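Here are my notes on the model you sent over.

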Amino acid sequence: MEIKERILEKATEMCFRFGVRSVTMDDIAKALGISKKTIYQHFEDKDEVIFKIMETEMGKDKCEWDELGNTSKNTIEKMINAQNLMKKSMEGMNPSIFLDIKRFHTRAWGLFQKHKHEFILKTITEDINNGISEGLFRENINVEFMGRYRLEQVELGFDPTIFPSEKYNMAEIQTTLMDHFIRGILTEKGLKQYNSYQQ
């Protein structure tokens with residue numbers, strides 16, 4: 001693995017575990033056993049490191065969603081698989097990560113917002129429409145409204161000012177929010193299907 005990739009991998013691991021604000025360039029260099037100067041040969045500053053982390057994670061996100069679409073039998077199964085994937089990725093993740101990026105890394109946050117509104121929203125609304133055509137979701141729901149609602153619901157779960165980490169587990173927060181969302185749009189057929197997956 002090239003040194004730039006190693007730096008990015010270690011920085012991602014540390015930021016996800018300790019929070020973006022807590023990790024310094026010195027910390028990353030020390031963890032890799034290299035000089036800080038070596039990091040600066042590949043990245044202009046910490047802001048660029050965080051931007052590249054977000055860029056890489058967005059790319060992984062797209063690949064994972066494509067894979068879910070190819071391997072899931074129906075929309076409910078896809079949403080449950082997505083939820084399980086999210087839970088796995090959140091294991092050991094510091095809940096302050098998104099708030100840190102929002103406050104201190106504007107360029108990376110802008111990239112996330114672009115991904116959120118151009119890719120994630122599109123995917124959610126497509127899934128809802130597919131669920132309706134499968135008879136699993138109610139026909140009378142406002143698809144765009146519910147897509148935006150779900151999008152903000154996910155981000156809300158990352159806000160430690162609303163869900164303090166000492167009181168709430170992040171994976172459980174997202175699982176609960178997802179469960180409430182999906183139950184609110186199911187048909188009777190969809191509910192039976194959903195309950196069968198839960199069992």
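1. Let's begin with E77, which touches T71, S72 and Y197 once residues up to four places away in sequence are left out; contact here means heavy atoms within 4.5 Å. E77 sits in helix α5, residues 75–90. Helices are DSSP runs of H or I with at least four residues, strands are runs of E with at least two, and both are numbered from the N terminus. E77 is buried yet has no salt bridge, and K73, the nearest side chain of opposite charge, is 4.7 Å away. On terms: buried is under 20% relative accessible area, exposed is over 50%, and partly exposed is in between, with a 1.4 Å probe and protein chains only. A salt bridge needs a side-chain nitrogen of Lys or Arg within 4 Å of a carboxyl oxygen of Asp or Glu.

2. Ground rules before going further. This is a predicted model, so local features need pLDDT of at least 70 and side-chain atom pairs count only at pLDDT 80 or more, while totals for chains, interfaces and linings use all residues. Residues are numbered from 1 along each chain as its sequence is written, and side-chain values use heavy atoms, with hydrogens and water left out.

3. The overall picture: the chain has 10 helices and 0 strands. Its C-alpha trace spans about 60 × 35 × 30 Å along the principal axes. Of the 199 residues, 45% are buried. Taking contacts between residues at least 6 apart in sequence, 69% join residues at least 24 apart.

4. Surface and charge. The accessible surface of the chain is about 11,400 Å², and 49% of that belongs to carbon and sulfur atoms; the areas come from the Shrake-Rupley method with a 1.4 Å probe, and for residues only the protein chains shown count as cover. The chain carries 29 positive and 32 negative charges, and their mean positions are 2 Å apart. For that count, Lys and Arg are positive, Asp and Glu are negative, and His and the chain ends are not counted. Each charge is placed at NZ of Lys, CZ of Arg, CG of Asp or CD of Glu.

5. Which residues of helix α2 are buried? In α2 (residues 25–32), they are M25, I28, A29 and L32. They cover an arc of only 95 degrees around the axis, which puts them on the same side of α2; the arc is that of the directions from the helix axis to the C-beta atoms. The buried residues of α2 pack against α1 (3–18), α3 (36–42) and α4 (46–71). Just after α2, G33 takes a positive phi of about 70 degrees.

6. On to the salt bridges, of which the structure holds 11. One of them pairs D26 with K36, the closest N and O atoms being 3.5 Å apart. This pair links distant parts of the chain, with D26 in helix α2 and K36 in helix α3, 10 residues apart. D26 is partly exposed at 45% relative accessible area, and K36 is partly exposed at 33%.

7. Two salt bridges within helices are worth a look. E57 pairs with K60, with the closest N and O atoms 3.5 Å apart; both lie in helix α4, 3 residues apart, about one turn of the helix. E126 pairs with K122 at 2.9 Å between the closest N and O atoms, and these two lie in helix α7, 4 residues apart, again about one turn. An α-helix has 3.6 residues a turn, so residues three or four places apart point the same way. K60 is partly exposed at 44% relative accessibility, as are E126 at 39% and K122 at 48%.

8. Where is G131 found? G131 is in helix α7, residues 106–133, and is buried, with a relative accessible area of 0%. Not counting residues up to four places away in sequence, G131 touches T75, L136 and F137.

9. Last one: F158 lies in the loop between α8 (143–156) and α9 (170–183). At 8% relative accessibility, F158 counts as buried. Leaving aside neighbours within four places in sequence, F158 is in contact with M90, M93, P95, F98, M170 and Q174.
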